[in-house]
Every structure is written in structure tokens, then in C-alpha cells.
Amino acid sequence: MTTAYNPDPTRPHLVPLGIDPATGTPVFLDWEKTPHLTIAAGPGMGTTSLIHLIAAHTVATGGTATIIDPHFVDPLGLDDVPGIDSAFEKDDIEDVIRSYVGELRDRFTAVRKGPELIAPRRVLAVDGLATLWHAAKEENDHRLLWALTDLKQILLAGRAVGVHLVTDIDAATVVQQLGAELVKSATGTLTIGRADHDLARLLGTDPLLARPAAGAAIWRTPADQGRQLDLAYVTAEQARQLVLATLPY
């Protein structure tokens, strides 16, 4: 489903994911209830489109986003959009993750002085986490491994200070590296296409749910084991225009 929409400025915490096919009602990722998102999908199944949508929504509602893409298939079409940054070189990826973890600490320091001092929402989107993890292991790259391990800190503490993680998860080994119970309890999961039973179990999704056809997914939150939805879809250009339309100039 190709979706054109205007975000509701009074509900910036609600990110549209698609439509419930049983009821026809919109389905949202609610950052206040589900602070992080994992996407279990193979190549070409829509992960990048979802990341475009989430990044655009974040910026259009007053926040900022960074997209990590080690594949660098294209420049995402969003590189020059204010509020959205990208990283694809190894050293840049390490620096981005460390800056987000450092910002967590700064935000906790600020919130102790007053809740009104929390900065606008920040979203870190990793498109290719398994690729990064396997490359770091094969190259025995301890710096990158340490940086990727630090993503746990965002899963653990980001919700309280408006910092959120969106990442693809296509291998059980990666879930185990981040901590299966932490992923299950702190994230919502979109499963697009086939997912093996081991991965579904680790993500907390009912492995017996029918695998949806193209354009659909299984949406699971920490409160349930999943239901089907028809996915929202935006092109990079649509995401770009969504953000630019909200800028004051």
C-alpha cells in the first residue's frame, strides 16, 4: 500500500505502519508504548522503505534521525534533508553509535534537572545490522563489535529520554548478541515474508502465524504474539517531500 499522509503534530509519537486488513483501521508504532522496532525481512522486502517512512515522520514531527546503511545501495535520497543524517563507512558508523550512547547519558543528566529539558526525539535506524555484525566478527574488528554491542544501551534506556532504535534483524545469532529477552521485551517486531521458527521464537512472534504475502507483515508488540497488517509504503522521494513540506522555509 502506497501511503501519502500528513503527520498529526498533536500525536508525534504515533508512526503509521499500515492497515489492519480485518478492520481497515490504521496501525501505529507508538513510541510511548513500544520504544524500539525490529524488522525481520529479507532483501527487497521493504525494510528500507519503512526506515524512510520512520525517519521522515520523526523529522516532520520535530525530531532528528540517523540512518546507518553499510550496503550503501543508494544515498537514500534523504542525505541533504535537514534533520536526517546517514553513515555507511565503518568509522562513521562507530562514531554515530557512540554519539547516540553519549547523548543518552547527556539526556539523563538533563532530565534530573527538569523533565522539560529533554531534547526532541532521536531515532537511530540501522539497515544492515547482521551484515555489520558478521563483517566485524570476520575481520576481528573489536572497535566495531564494541560499538554494535553498545546498541543494547539504547534498547535498555532510550525510552526514558526519547531515543529510539530501529533495526533489521534477519538472523537468530544477531538477536542473541543483543539479548533475546531484551529484544522481545523492548521492541515491536515487523516480520515481512518468511522467518524461520527459531528467529520467530526469539523475537516473541508466534511461529505458527501464516506468513503474509508481499505487501503485508506480522506486527508483534511486547504485549502480544502478533497479528497481520498491510504495510504502509513510501518511496524515498515521498519521504523527502514529507519532510520538506514541514520546514519553515
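The legends below describe close-up views of a predicted model.

**View 1**
An open sheet is built from 10 strands in the order E2-E1-E10-E9-E8-E3-E7-E6-E4-E5, and its pairing is mixed. Strand E2 (26-30) and strand E5 (84-87) are the edge strands, each pairing on one side only. On average, neighbouring strands of this sheet are turned by 30° against each other, direction ignored. Strands of a sheet pair through backbone hydrogen bonds, and the pairing may be parallel or antiparallel.

**View 2**
With E2, strand E1 runs antiparallel and is joined by 5 bridges. Pro 16 stands opposite Phe 28 in E2. With E10, strand E1 also runs antiparallel, and here 2 bridges join the strands. The bridge partner of Gly 18 in E10 is Leu 231. In a regular strand, side chains alternate between the two faces of the sheet.

E1 and E2 form a hairpin, with 6 residues between the two strands. In the turn, Gly 24 has a positive phi of about 75°. The charged end of Arg 11 sits over the ring of Phe 28, 5.7 Å from the ring centre. Phe 28 is also the residue of E2 that Pro 16 stands opposite. How many aromatic pairs does a search of the whole structure find? The search finds 0.

**View 4**
Strand E9 (residues 216-220) and strand E10 (residues 227-231) pair in the antiparallel sense over 4 bridges. Ala 217 has Leu 229 in E10 as its bridge partner. Ala 232 lies in the loop between E10 and helix H9 (236-244). Is Ala 232 buried or exposed? Its relative accessible area is 6%, and buried means under 20%, so Ala 232 is buried. Ala 232 and Ser 49 are 183 residues apart in sequence, but their C-alpha atoms are 8.8 Å apart in space.

**View 1. Helix H2 along its length.**
Helix H2 consists of 24 residues, 90-113. At 1.5 Å a residue, the helix should span 34 Å; its end C-alpha atoms are 36 Å apart, which agrees. The buried residues of H2 are Ile 93, Glu 94, Val 96, Ile 97, Tyr 100, Val 101, Leu 104, Arg 107 and Ala 110. An α-helix has 3.6 residues a turn, so residues three or four places apart point the same way.

The structure holds 8 salt bridges. In one of them, the side chains of Arg 122 and Glu 103 meet at 3.2 Å, N to O. This pair links distant parts of the chain: Arg 122 belongs to strand E6 (residues 122-126) and Glu 103 to helix H2, 19 residues apart. Arg 122 has a relative accessible area of 13%, so this residue counts as buried. Side chains of opposite charge can pair when their charged atoms come close.

The side chains of Lys 184 and Glu 181 meet in a salt bridge of 3.6 Å, N to O. Both residues lie in helix H7 (residues 180-186), 3 residues apart, or about one turn of the helix. Lys 184 has 26% relative accessibility and so counts as partly exposed, whereas Glu 181, at 57%, counts as exposed.

Arg 201 forms a salt bridge with Asp 198, and the closest N and O atoms are 3.9 Å apart. Because the two residues are 3 residues apart in helix H8 (residues 197-203), about one helical turn separates them. Arg 201 counts as partly exposed at 48% relative accessibility, and Asp 198 counts as partly exposed at 46%. Elsewhere, salt bridges that share partners join Glu 94, Arg 98 and Arg 143 into one network.

**View 2. The loop between helices H3 and H4.**
Asn 140 lies in the loop between helix H3 (129-138) and helix H4 (142-149). Although Asn 140 is not a glycine, its phi is positive, at about 55°.

Terms used. Residues numbered from 1 in each chain as written. Predicted model: local features only at pLDDT ≥ 70, side-chain atom pairs only at ≥ 80, totals over all residues. Heavy atoms only, no water. Phe/Tyr/Trp six-rings, centres within 6.5 Å; stacked < 30°, edge-to-face > 60°. Lys NZ or Arg CZ within 6 Å of the ring centre and 35° of its normal. Expected span 1.5 Å × (residues − 1). Buried < 20%, exposed > 50% of the residue type's maximum accessible area, 1.4 Å probe, protein only. Salt bridge = Lys/Arg side-chain N within 4 Å of Asp/Glu carboxyl O. Pairing = 2+ DSSP bridges. Axes fitted to C-alpha atoms, helices over the stretch in contact; angles between N-to-C directions.
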